[in-house]
Structures are given as structure tokens and as C-alpha cells.
Amino acid sequence: MIRKKSLRPSLVPAASLALILTLPLDAAKAQENPLPTIGGAGGGLISDKLESDIGRQVMISIRRSTPRITDPLVYDYLTNIVYRLVPSAPLQNRDLTLTLIDNAGINAFAVPGGIVGVNGGLFLSAGTEQQFASVLAHELAHLSQRHFARRMEQQEASAPLAMAGMIAGIILSAATQSDIGIAAIAGSQALAIQNMLAYSRAHEQEADRVGLEILANAGLDPRGMPEMFEILMRENRLQGNQIPEYLSTHPLSQSRVADTRNRAEQYPEERIRDDQEYHLIRSRLQVRYASSPKLAVDTFEAYLAQTTETRNDVARYGLAVAYQRNNQAGKAIEILRDLLTQQPESITYTVTLAEALLSEDKMAEARALLRSALDRNPGNYPITYQLAETELADGSGEQAARLLQNLTRDLPGQEHLWLKLADAEGMARNVVGVHRARAEYEALMGDLESAQRQLRQAQEKLPAGSPERQIVTERLADITRRLNAKRSG
């Protein structure tokens, strides 16, 4: 779950594009060419507990089946922009879970239980922060208006939990542009789920309207939404007759685009600058999805050679990341040191420089850089994580475990942190710590039996009456209750 206390105080964005949780539109029902729309599945008129259960099952399926981006800098940016929007969204439950799908395709989604996800490709296509934020605002609008639950009521669905796996399959098929989720939605039930997720035009228009309000109230430009629609239409034209790489529940009509543009124009016109941070993160992902690190280097070098700007820090940062990926850490370090001289408080520059220093085995320098930054930004996720990585690389398991314990407390839903903590505890020869961390990882992956076994092993190694044994015993009881409930029904 996202905890506000772990957020970075100030971040910057800029890129565009868009998304959706959707299904291929049935051609027989389509009244016009199906276009990619922003849409998600958000629920609410069903009970909060049931929504939470559906969300948990969907996340388990995503964790098990989908490659995800665990880069703390990217996750931290997404967290900040979402929680910039959240105060302006009429959500009853603001405890959201964010997930980043490691795929260059265009997609984003929202599902019951407050699950909001985006593909890495969403950053690539978005040209401005306003466009990128409009996707998230639209998804938050679907959640706030509880469209999924309203569809369930209309369909008189009787087994919503049974649909959780199929919902996840739909998301996975869209996110990975493959058949990975087909098994989850095969058979006659697939049509029922498609109907459940097929928002009406009224729901889409409502999400558009609410999304525009969210953007404006959050100090972002509502005009980013019609701009995003135009990007989606252009992407659809480029695909020709091919099925879009992301799912679609509804056609995006010219009238809907015009309506959104007209509504956006009703808001006061003011120049809203993109935050640089967004563009930095976008450059980072451009390198990630380049066909090769060498091509990324060539691309950024060519751009910098052609630009007339005296300083283009975003492109220079992208080149530094490309150098790092291309095993040219020395060149990356040179650029990043210069960038950090210009903006000494930049967390992104600091963490990226530490990554490059670590790859050159300059552990002491990386540690000093990160510790100084952590003193200025206590609890910051990217800094803390990179410092833990540095301690692990230097064989300091105990120090790394202490840092990772803090992160797992703030971000308990990030399963990769529990695995990293288990590694650190193992290096520190803390067997109980290894069992406890592994138990939390297994629970997040939905393997409650394994979690139970890990906790029992931890319990056996602790003295009776010790405070830690009491903590383990209570957690074991909780996992056992969940396992019994699962078995009974």
C-alpha cells in the first residue's frame, strides 16, 4: 500500500499518453471503429471488504504472472503524481495500491480495491505531464464513481470473487500484449466479464468530466485530457487494422473528443509547467525500452549534438543512464557529477550517480553520497533502497537489513523488498529474520501455506516469552485465519 509518509517532498513530471483497463470491443456491437480509450474497472457499491478481497486477488495474479518495474525512482515519481491528484478526487477510500507493469505498450487500469496500474510505455508516449496526469485522473474518476460496482448491480453478478482471476487475466493480456491472461478468461465466463467491464458511454463521459475537475483542482491542465485523446486516436490510426496493443471497452468518438475539449476550454487558461522530474523518469524509461544500450547511447548523443540549447539536462541525464547501461559507468559518472553540481538537492541525480559509482566498486563514495542525502531526506524510498544495495554489495548485511526493514514497514505491499530483506538477513546470519521476510513475500504471492511454514520455523527458533516470538505468533495466527477462510470457501 502507498503510505504518504514515504513520499518525496518534491518531484517533477512530463510525458504523455495513455491507457486503460479494457477489453476488445465486440465488432458486432461497435457503432464506430473501436479506438483506445482511457478506462478502468473501479468498484464500490458492493461492500468495501469484497472490493478489498477482489483487489487482493487481482494483485496476487499480477505479482505471479506479470513482469513489473521495481525501479524506486520510477515508483516514487508515480506515487507523488497520484497523490497530487488524490486530494482532488472524490474517493471514499484513498488507500491505493500502485503497480508498474514492465511493458512498453500503452496501458493503465484501475480495479476494485483501489488498485491502480500503468505500463512503463505510458511514460514513453506522453509528451507532457499534463497528458500523463490526465490518464491517472480518469482512472481515479472511475474508482470514485464506482463504475465497476454499478455494472455489477446491473448484471446482478452473484460471484464477484470468482471474477477476480478473470479480471486479472484481462489486465495481463492488455499489459503484456500476449496471451498470458487468456487462461484466466477462457470459456463462457469471458463474455460475462467483458460485459461487466464494458463501461457505457455515460460512464466514460462521467469519468471524463470528473477527471477534468480532478486535474484542475490539483493545479494541472485539464487540456491535457483532450490532447491525450488525440494521441490515442493517432496511435490507433498507426496500428491500421491490427488489434490495439491495449484493451478497449468502448469506441472513442470524435464527438467525445470534442466534448472533452470544449469542457477543458471552460477552465481558466494558464501556463502550467511540467515538472522536470517527469522528463527525467521518462528518459530513464526510454533507455530501459531501447532495443539495445548502444542504441540508447547513440540516440541521446545524436540529440545532444543537434540541439541548440546550451544545457539540456534531461537529455544529458538520459545519456548518463544510457552510458551506465552500456557499461560505460565512467562517462555516466562525469555527467552526473556535473548535473548534481547544478542541482545538489536532486534525489534522481544522487541515486543515479550512486548506481554508477557502485558499478565501479566505489562503495565508500556511494555510501557517503547516499547517507548525506538520506540525512536531508529521511525515509526517502529511492535513497534508502540504493543505500541498502550499496551495503549489500559491500557485505554489510546487518546495515542493509536495517534499511530494508524501514522500507518494508512503509511499503509492505512491495514483494521485491521482502526478498531483498531476506537476502540481507541471510548475509547478517539472522535466520529468524530470513523466515519472517520470506513469510511476508509468500503471503503477498498468495501462497499462505508457505507463509505459514516460514512463520512456524521462525517461531521454533525463538525463546518462549520473547517479544519477537509474540510478534511472530500473532502474525502466524493471522495467516492461519486467512488460510482457513480460503480453504472453507
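Select P72, L73, Y75 and D76 in α2, then Y381, P382 and Y385 in α18: these two sets are in contact (heavy atoms within 4.5 Å). The contact divides into 6 nonpolar residues, no polar and 1 charged, where Ala, Val, Leu, Ile, Met, Phe, Trp, Tyr, Cys and Pro count as nonpolar, Asp, Glu, Lys and Arg as charged, and the others, Gly among them, as polar. This is a predicted model, in which local features need pLDDT of at least 70 and side-chain atom pairs count only at pLDDT 80 or more, while totals for chains, interfaces and linings use all residues. Residues are numbered from 1 along each chain as its sequence is written, and side-chain values use heavy atoms, leaving out hydrogens and water.

Now show α2 and α18 (residues 381–393) whole: their axes lie 9 Å apart at an angle of about 165°. That makes the pair roughly antiparallel (over 145 degrees).

Next, select α14, residues 313–325. Its 13 residues reach 18 Å from first C-alpha to last, close to the 18 Å expected at 1.5 Å a residue (1.5 Å times one less than the number of residues). Of these, 10 are buried, so α14 is largely enclosed by the rest of the structure (buried means under 20% relative accessible area, with a 1.4 Å probe and protein chains only). Colour the buried residues, including D313, R316, Y317 and Y323. Just after α14, stop at N327, which has a positive phi of about 60°.

Finish at α4, residues 129–144. Here 16 of the 16 residues are buried, so α4 is largely enclosed by the rest of the structure.

How values were computed. Helices (H or I, at least four residues) and strands (E, at least two) are DSSP runs, numbered from the N terminus. Buried means under 20% relative accessible area, exposed over 50%, partly exposed in between (1.4 Å probe, protein chains only). Axes are lines fitted to C-alpha atoms, for helices over the stretch in contact, and angles run from 0 to 180 degrees between N-to-C directions. Angles under 35 degrees count as roughly parallel, over 145 as roughly antiparallel, 65 to 115 as roughly perpendicular and the rest as oblique.
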